[in-house]
Amino acid sequence: MEKKLIFKKISGEIIEDVEKYVKNWVKNNPYGNVIIGCDSQVHGKRIKYSIAIVMHYIDESGIGHGSHVIVADIWEKRKYSSPDDEIFSKLWKEAEYTLKTAQMVDGNDEMFKKRLLLHLDYSNNTKDKSNIIFSSGIGYLREMGYSAEGKPNSYVATHTADALCR
C-alpha cells in the first residue's frame, strides 16, 4: 500500500502535517476524542476508500458539542476476479488505511496512541458479509496497540466515512 494519504478539511483545504494538526486540536480540547475510521465503496471499475479523522468536541462535564472532520480519499482500480476475493481484500484495506492513519497521527507517542479509537465497518453479526473479517481486522488493530471497535459501535466508519465515500 504505497498510496499517500492527503487529508483535507471538508472545505477542501489540505492539512500539511496531520500529526501536528490533530495533536494541536487535542491540546486545545483536552476532553475531546479522536476517532479514525474508514469505509469503501465500489464505483464502477474503481474502489473509493475514505478515511475520516473525527475530532469530537467534549466539554469538562462530558457533554458533546459536535465534531471537526478531516478526510483522505484513495481511489484504486478493481482487480479481483472473484467477489469473495474482492470483498476480503477491500475490507482488509480498510483496516490497513485506518492503521496507517493512526500511525501518522500518533507519531510513535504511546500516551497519545492510547487516546485514539479506531472504527472498522465490520459487523459482529454472522449474517453480514463483513463478519468474515471481523475478528482478524479488530484483532490486528488491537495487537498493534490501539483500541478498535466494529459494528454496532463504529459510527465513524459506518456513518461518517460511509457518507464521505458515496
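A salt bridge is a side-chain nitrogen of Lys or Arg within 4 Å of a carboxyl oxygen of Asp or Glu. The model on screen is predicted, so local features need pLDDT of at least 70 and side-chain atom pairs count only at pLDDT 80 or more, while totals for chains, interfaces and linings use all residues. Residues are numbered from 1 along each chain as its sequence is written, and side-chain values use heavy atoms, with hydrogens and water left out.

**Stop 1: Lys 9 and Glu 13**

Select Glu 13 and Lys 9. Their side chains form a salt bridge, with N to O at 3.4 Å. Glu 13 is partly exposed at 43%, and Lys 9 is partly exposed at 23%. By the salt-bridge rule, the count comes to 7.

**Stop 2: helix H1**

Helices (H or I, at least four residues) and strands (E, at least two) are DSSP runs, numbered from the N terminus. Move to helix H1, residues 18-28, where Lys 23 and Glu 19 are 4 residues apart, or about one helical turn. The two form a salt bridge, their closest N and O atoms being 3.0 Å apart. Lys 23 is partly exposed at 23% relative accessibility, and Glu 19 is partly exposed at 27%.

**Stop 3: strand S4 and helix H2**

Now select Glu 76 and Lys 93, which meet in a salt bridge of 2.6 Å, N to O. Glu 76 lies in strand S4 (residues 64-77) and Lys 93 in helix H2 (residues 83-106), so the pair ties together parts that are 17 residues apart in sequence. Glu 76 is buried at 10%, and Lys 93 is buried at 15%. Elsewhere, salt bridges with shared partners join Glu 19, Lys 23 and Asp 109 into one network.

**Stop 4: Lys 90**

Stay in helix H2 and select Lys 90. Leaving out residues up to four places away in sequence, Lys 90 touches Ser 40, Val 42, Ile 47 and Tyr 49; contact means heavy atoms within 4.5 Å.

**Stop 5: helix H5**

Finish at helix H5, residues 155-165, whose buried residues are Val 156, Ala 157, Thr 158, Ala 161, Asp 162 and Cys 165. What covers these buried residues includes strands S2 (33-43), S3 (46-58), S5 (116-123) and S6 (147-151).

Methods. Buried < 20%, exposed > 50% of the residue type's maximum accessible area, 1.4 Å probe, protein only.
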